Amino acid sequence: MNSDMLLGKIKEKRLTQEKVSKAIGISLSALRRKIEGKTEFTREEINKICKLLEVSDEDLLAIFFND
């Protein structure tokens with residue numbers, strides 16, 4: 001996962017991690033664990049984040065599925 005790119009998209013949309021966590025229905029601490037790579041995002045969470053941040057398919061792959 002590319003945490004820096006995800007955090008950049010959040011800032012680009014002028015959102016906070018707290019607002020993103022509420023929008024996708026998880027706690028702020030759960031979001032932070034996922035961003036840090038300690039736990040994984042579910043498919044549903046990824047879909048919600050992509051809609052919220054208006055992420056392109058190309059960026060979706062770069063953020064969530066890079067190695």
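Author: In helix α2 (residues 17-24), Val20, Ser21 and Ile24 are buried. Buried means under 20% relative accessible area, exposed over 50% and partly exposed in between, with a 1.4 Å probe and protein chains only. A helix is a DSSP run of H or I with at least four residues, a strand is a run of E with at least two, and numbering starts at the N terminus.

Reader: How do you know that the buried residues of α2 line one face of the helix?
Author: Seen down the axis of α2, they fall within an arc of 100°, so they line one face. That arc is taken from the directions from the helix axis to the C-beta atoms. The face turned away from the buried side carries the exposed residues Lys19 and Lys22.

Reader: Where do these numbers come from?
Author: This is a predicted model, where local features need pLDDT of at least 70, side-chain atom pairs count only at pLDDT 80 or more, and totals for chains, interfaces and linings use all residues. Residues are numbered from 1 along each chain as its sequence is written, and side-chain values use heavy atoms, with hydrogens and water left out.

Reader: What do the buried residues of α2 pack against?
Author: They pack against α1 (3-12), α3 (28-35) and α4 (43-53). Contact here means heavy atoms within 4.5 Å.

Reader: Why are α2 and α3 called roughly perpendicular?
Author: They pack at an angle of about 105°, with their axes 9 Å apart. Angles under 35 degrees count as roughly parallel, over 145 as roughly antiparallel, 65 to 115 as roughly perpendicular and the rest as oblique. So α2 and α3 come out as roughly perpendicular to each other. On the α2 side the contact includes Val20, Ser21 and Ile24, and on the α3 side Leu28 and Ile35 are among the residues involved.

Reader: Why does Asn2 count as partly exposed?
Author: Asn2 has 22% relative accessibility, so it counts as partly exposed. Asn2 lies in the segment before α1, and touches Ala62, Ile63 and Asn66, not counting residues up to four places away in sequence.

Reader: And what makes the protein as compact as a globular protein of its length?
Author: There are five helices and zero strands. The radius of gyration is 11 Å, close to the 11 Å that the globule rule gives for 67 residues, so the protein is as compact as a globular protein of that length. That radius is taken over C-alpha atoms, and the rule is 2.2 Å times the number of residues to the power 0.38.

Key: Axes are lines fitted to C-alpha atoms, for helices over the stretch in contact, and angles run from 0 to 180 degrees between N-to-C directions.
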